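Walk me through this protein model.

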Amino acid sequence: MAITTEGNYDYDVAIVGGGPGGYTAAICAARGGLRTVLIERDALGGTCLNRGCIPTKSYIYDTKLFRSVRDTPVIRGGEKVQLDLAALLARKRHVVDTLVSGVQGLLRSNGADVIRGEARLIGANCIQIAKSNGELAELNVRHVVLANGSRPAVPPFIKVDGRLVQTTDELLDTPEFSGKVLIIGGGVIGIEMATIFLNAGADVTIIEMLPDILATEDKDIRREMKRQLKKRKAAVLVATSVKEIAIQGDQARVTFQAQGREQAKTVTVDKVLVATGRMPVLDGIDSNKLGLETNGPYLKVNERLETNLPGVFAIGDLIGGMMLAHKASADAETVVDNILGADKSVESHLIPRCIWGLLEIGAVGLSEEEAIAAGRKIRVGKFPFAASGAARAMGHPEGFVKVVGDDATGEIVGLHIIGEHATDLIAEAVSVIKMEGAVEDLSEAIKPHPTLSEAVMEAALDWNGQAVHLPRKSKR
């Protein structure tokens with residue numbers, strides 16, 4: 001449904017930023033009949049496509065293949081296989097270029113205009129653009145969607161030189177995965193980068209200042225991931241802070257200190273990767289001058305994702321919460337619907353979390369400890385992949401599915417998977433929760449055999465003590 005434009009506007013909606021949130025908003029707006037322009041200073045696809053999600057997964061799958069060939073007992077001579085870093089980089093670039101071209105085609109086919117340049121928000125209905133060709137332009141628009149994204153957050157005492165001390169921005173375009181590597185940060189980015197390095201055969205140390213890695217995940221998930229890291233001989237130092245990084249020739253000397261310890265320690269490594277989170281990009285947005293309300297470093301929005309400036313919306317990493325591409329896309333769809341006259345909000349409890357570690361992690365909803373802290377009376381069902389015929393046949397029997405359900409109603413409070421294809425399997429739980437299904441609904445749908453989806457069914461059955469492929473439990 002299109003809306004009638006009132007006033008002398010160049011466009012009905014202008015989107016700043018061409019990442020997953022921005023280009024999704026542009027496509028949806030144009031399809032909705034709105035005159036739409038997308039402003040992007042860099043490559044379309046944003047961080048996710050060019051310097052984040054897609055390049056990372058390309059390297060993870062390639063290095064996983066390398067590791068599998070070297071470890072499998074059914075291929076002779078696998079120990080002689082070597083990684084071709086130039087081919088690794090070339091494939092990554094081909095994947096990225098293909099997808100960027102696809103985004104360009106989608107925007108063009110839907111009738112959304114694209115302007116290359118730096119955007120600056122002048123007011124609720126005005127954007128100034130410093131175009132890539134040097135021209136300066138000003139657009140009057142009815143609605144603005146800010147989708148600027150985020151960049152790596154680097155502690156002020158750390159100097160990123162792009163060679164020995166890197167963020168993912170540098171590393172993903174200069175793949176060197178050998179030697180001794182120290183990763184600062186045990187969150188999603190740190191764990192995924194550690195996976196690439198470990199698959200490639202590097203010596204990895206992870207330093208995390210919090211008491212545990214992957215702080216947002218269920219305790220059993222965290223425990224299993226730490227076990228996998230240590231199994232690959234990675235050093236995992238939690239409750240530990242980096243104090244100093246000194247460059248000595250072709251190596252970096254890192255000083256760190258554990259909480260409660262008076263004496264600091266040092267280690268010399270070939271590379272330091274700074275994976276200490278991300279921060280919103282507020283370039284071109286002077287919140288003080290504009291009177292934009294903020295929430296810490298993020299822009300503040302209401303449930304409709306509108307800022308306090310009428311007609312100005314913000315989505316994705318700019319507003320905090322889960323800094324995920326699919327969350328930004330969901331934000332974008334919601335905003336466009338609201339511009340077209342709806343009154344929608346994003347169902348944050350339905351946003352899945354996915355991590356591509358040594359074992360994949362897929363999760364949605366509350367962890368067991370979060371549910372208990374919230375006062376929920378719960379039951380837990382759990383099924384190990386070691387008992388799955390499919391997982392055994394694939395040669396990936398590690399990990400499990402864990403269902404957290406309300407003891408009285410059977411509501412699915414949370415579902416957590418660690419293991420092969422966990423990031424795909426979690427979608428089933430999201431769909432069932434969206435349809436207001438219960439734990440029993442996960443168990444009653446017939447699953448094909450042999451597949452990993454059976455493990456989700458068995459975990460749901462175990463919630464009632466009825467798992468077929470686990471020893472019988474005592475009656476609850």
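Leaving aside neighbours within four places in sequence, Asn-199 is in contact with Ile-60, Thr-63, Lys-64, Phe-66, Arg-67, Arg-232 and Leu-358. Keep in mind that this is a predicted model. Asn-199 lies in helix H6, which covers residues 188–200. Is Asn-199 buried or exposed? Its relative accessibility is 5%. Buried means under 20%, so Asn-199 counts as buried.

Arg-232 and Leu-358 touch Asn-199. The second largest pocket has a volume of about 550 Å³. It is lined by 23 residues, and the closest to its centre are Ser-68, Arg-232, Leu-358, His-396 and Glu-398. Which elements give two or more residues to this lining? They are helix H3 (53–71), H6 and helix H7 (219–231). H3 gives the largest share of the lining, with six residues.

Beyond its neighbours within four places in sequence, Phe-197 is in contact with Leu-171, Glu-176, Phe-177, Val-181, Ile-183, Ala-202, Val-204, Lys-271 and Leu-273. Phe-197 also belongs to the largest nonpolar core, which has 62 residues. The residues with the most contacts inside that core are Ile-183, Phe-197, Val-204, Leu-229, Leu-415 and Ile-417.

Now for the strands. Strand S5 (residues 136–146) pairs with strand S1 (residues 11–16) in the parallel sense, over five bridges. Here Ile-15 stands opposite Val-145 of S5. Strand S4 (residues 126–131) is joined to S5 by five bridges too, but S4 and S5 run antiparallel. Cys-126 has Asn-140 in S5 as its bridge partner. S4 and S5 form a hairpin, with four residues between them. In the turn, Gly-134 has a positive phi of about 95°. S5 also pairs with strand S18 (residues 312–314), in the parallel sense and over three bridges. There, Leu-146 has Ala-314 in S18 as its bridge partner.

Move on to an open sheet of five strands. Its order is S19-S20-S23-S22-S21, and the pairing is antiparallel. From one strand to the next, the twist averages 10°. Inside the sheet, strand S22 (residues 400–406) and strand S23 (residues 412–418) pair in the antiparallel sense over six bridges. Val-404 has Gly-414 in S23 as its bridge partner. Helix H12 (residues 422–434) packs on the sheet. H12 touches S19, strand S20 (360–365) and S23, and its direction makes about 15° with that of S20.

How many cavities of 30 Å³ or more does the structure hold? It holds two. The largest cavity has about 50 Å³ of space. Its lining is made up of Pro-152, Ala-153, Thr-167, Thr-168, Ile-189, Val-274, Ala-275, Thr-276, Gly-277 and Arg-278.

How values were computed. Residues are numbered from 1 along each chain as its sequence is written. This is a predicted model: local features need pLDDT of at least 70, side-chain atom pairs count only at pLDDT 80 or more; totals for chains, interfaces and linings use all residues. Side-chain values use heavy atoms; hydrogens and water are left out. Buried means under 20% relative accessible area, exposed over 50%, partly exposed in between (1.4 Å probe, protein chains only). Contact means heavy atoms within 4.5 Å. A nonpolar core is a set of buried Ala, Val, Leu, Ile, Met, Phe, Trp, Tyr and Cys residues joined through side-chain atoms within 4.5 Å. Two strands pair if DSSP finds at least two bridges between them. Axes are lines fitted to C-alpha atoms, for helices over the stretch in contact, and angles run from 0 to 180 degrees between N-to-C directions. On a 1 Å grid over the protein atoms alone, a cavity is a set of points where a 1.4 Å probe fits but cannot get out, and a pocket is an open set with protein on both sides within 12 Å along at least five of seven lines; lining residues have an atom within 4 Å of a point. Grid points are joined across faces, edges and corners, and a volume is the space filled by probe spheres set on the points.
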